[in-house]
Amino acid sequence: MAENEHTPPLGMTAEQFRRAGHDLIDWIAGYLEHVEEYGVLSPVEPGQVRRAVERPLPAEGEAWPALWSDFQQHIIPGITHWQSPNFFAYFPANASYPAILGELLSAGLGVNGMLWSCSPAVTELETFVLDWLVELLALPAHFRGAGVIQDTASSASLCALLCGREQALDWRGNTLGLADQAAPLTAYTSDQAHSSIEKAAMIAGIGRENVRLVPSNAVGAMKPDELQRLISQDRSAGRQPCFISATMGTTSSLAMDPLRTIGRIAAEENIWFHVDGAMAGTALACPEFRDIGDGLELADSFCVNPHKWMLTNFDLDAFYVRQPQRLTRTLSILPEYLRAAQSDEVVNYRDWHIPLGRRFRALKLWFVIRTFGVEGIRRHIREHVRLAGEFARWVCEDDRFELAAPPSLNLVCFRLKAGDGPSEALLHALNRSGRIHLTHTRLSGGYALRFCIGQPRTGEPHVRAAWTLIAEAAREVLED
Ligand SMILES: *Cc1c(COP(=O)(O)O)cnc(C)c1O
């Protein structure tokens with residue numbers, strides 16, 4: 001440090017931290033107020049940020065102002081501004097002020113909530129807030145007291161798959177491994193499901209070869225008769241089906257799998273039934289969108305990401321399991337050093353996910369739900385769905401364009417009628433402009449641009465301006 005021979009134990013004096021911290025909060029507030037003024041997509045070339053920050057490992061500590069200035073100069077140019085109201089790519093990653101404060105407090109407390117006794121508030125607030133979420137999203141009542149916060153939907157789905165595997169093996173896989181397993185295990189999800197399901201099967205020792213990608217229909221929803229056919233085929237071949245994952249809102253086009261029919265098949269076949277509602281699950285907050293959850297009460301597990309569309313900073317996935325003892329039986333291992341006096345009376349979340357250590361994530365969701373209230377969260381969702389409807393209308397009214405899939409909640413997939421090449425050229429032109437950011441997918445009809453509305457500050461003027469820009473860029477692409 002400039003003033004001291006040695007760096008203080010916490011890296012700064014309390015006074016230096018106060019000053020830097022106040023400035024930092026000011027900066028973040030200013031950043032979020034003016035984020036619209038940045039080019040949305042970072043323009044840097046591969047390797048550019050690394051070259052800019054590269055220097056010898058510091059032998060002695062440096063003072064904060066040097067770090068801060070390098071952040072401004074070298075890091076900001078390499079940031080793609082997900083919080084921009086002109087960000088329409090992938091899916092949203094909502095940030096909000098109360099959630100940021102929750103993150104900051106969690107960092108300030110610096111606790112690890114692996115056991116109840118490691119900080120009782122971490123566990124008890126988490127169970128409570130996840131019960132609130134059951135009420136907010138009108139989830140099945142058996143998910144009360146049965147929720148856990150995971151980092152991502154990918155981790156939650158992996159845990160669900162492990163439960164399905166162990167249930168099918170009568171919990172012998174954990175002990176004996178899969179090597180002696182005579183009947184290969186199989187898992188089912190649609191050809192539109194998120195790649196995290198296949199990845200989970202890779203990690204869980206099921207193998208990608210044993211994942212059946214069930215064909216989807218014209219709008220991207222799983223065909224249940226195909227599911228039934230594949231399960232029967234596998235059973236006749238001596239394989240052992242163990243896991244079905246349905247998607248409430250696919251990543252490509254936000255298609256909704258028919259949960260009730262799939263759930264009935266799962267129940268009849270005695271196969272674990274997981275529902276992945278990573279983004280669309282948040283829409284369950286609004287009674288008028290609850291048809292997407294029809295049949296959810298048949299699910300053994302469900303995950304939703306408040307870190308996508310529910311105003312809560314990344315990362316926070318809410319994962320629910322009917323009869324959570326099936327989850328803890330799958331994941332529990334108890335070395336002597338983790339034995340705690342209260343093991344039988346309290347929840348010890350270390351057994352509910354893959355890592356041992358866990359952050360205090362519940363704080364930010366608690367702050368978000370209290371700050372916005374049910375109505376505030378509903379307004380946020382409804383406005384995005386309304387704007388997506390407007391956008392879809394403009395696409396249909398312009399005869400150079402067509403919808404590539406039925407608009408679903410806050411997502412519109414569209415393309416140029418001129419075909420894949422011009423549609424792809426349009427996407428690149430839009431992203432190069434820096435003014436908006438969109439991504440693409442491939443649907444049965446070919447290449448499609450995805451326009452996903454989910455940022456808290458995206459309003460009608462942003463969507464209108466984006467459409468104007470798209471229409472102009474299309475003219476240039478089609479003239480070339
Ligand atoms: C975004 C998404 C995921 C992956 O979410 P992570 O939390 O990043 O793992 C999984 N499934 C669906 C349907 C998604 O939309």
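## Around arginine 165

Setting aside neighbours within four places in sequence, arginine 165 is in contact with Gly173, Asn174, Leu178, Leu185, Ala204, Ile206 and Cys242. Contact means heavy atoms within 4.5 Å. Arginine 165 belongs to helix 6 (residues 153–168). Arginine 165 counts as buried because its relative accessibility is 10%. Buried stands for under 20% relative accessible area, exposed for over 50%, and partly exposed for in between (1.4 Å probe, protein chains only).

## Basis of the model

This is a predicted model: local features need pLDDT of at least 70, side-chain atom pairs count only at pLDDT 80 or more, and totals for chains, interfaces and linings use all residues. Residues are numbered from 1 along each chain as its sequence is written, and side-chain values use heavy atoms, with hydrogens and water left out.

Helices (H or I, at least four residues) and strands (E, at least two) are DSSP runs, numbered from the N terminus. Two strands pair if DSSP finds at least two bridges between them.

Strand 6 (residues 301–304) is covered on both faces. Ser301 and Cys303 are buried on one side, Phe302 and Val304 on the other. In a regular strand the side chains alternate between the two faces of the sheet.

Strand 5 (residues 272–276) pairs with strand 6 in the parallel sense, over three bridges. Here aspartate 276 stands opposite cysteine 303. Strand 7 (residues 317–321) runs antiparallel to strand 6, joined by four bridges. Valine 304 faces alanine 318 of strand 7.

An open sheet is built from four strands in the order 8-9-11-10, with antiparallel pairing. Its edges are strand 8 (401–403) and strand 10 (439–443), each pairing on one side only. Neighbouring strands are turned by 40° against each other on average, direction ignored. Axes are lines fitted to C-alpha atoms, for helices over the stretch in contact; angles run from 0 to 180 degrees between N-to-C directions.

Strand 9 (residues 411–416) and strand 11 (residues 446–452) pair antiparallel over four bridges. Phenylalanine 414 stands opposite leucine 449 in strand 11. Helix 13 (residues 362–397) packs on the sheet and touches strand 8, strand 9 and strand 11. Its direction makes about 15° with that of strand 9. Helix 15 (residues 460–479) also packs on the sheet, touching strand 8, strand 9 and strand 11. For helix 15, the angle with strand 9 is about 20°.

## Strand 11 and its hairpin

Seven of the seven residues of strand 11 are buried, so the strand is largely enclosed by the rest of the structure. Strand 10 and strand 11 form a hairpin with two residues between them. Five bridges link this antiparallel pair. Threonine 441 sits opposite alanine 448 in strand 11.

## A nonpolar surface patch

Ile25, Leu101 and Leu104 make up a nonpolar patch on the surface, with about 260 Å² of accessible area together. Patches take residues with over 30% relative accessible area and no salt bridge; like charges are joined within 9 Å, nonpolar side chains (Val, Leu, Ile, Met, Phe, Trp, Tyr) within 5 Å. A salt bridge is a side-chain nitrogen of Lys or Arg within 4 Å of a carboxyl oxygen of Asp or Glu. Accessible areas come from the Shrake-Rupley method with a 1.4 Å probe; for residues, only the protein chains shown count as cover.

Leucine 104 is part of helix 4 (residues 97–109). With 46% relative accessibility, leucine 104 counts as partly exposed.
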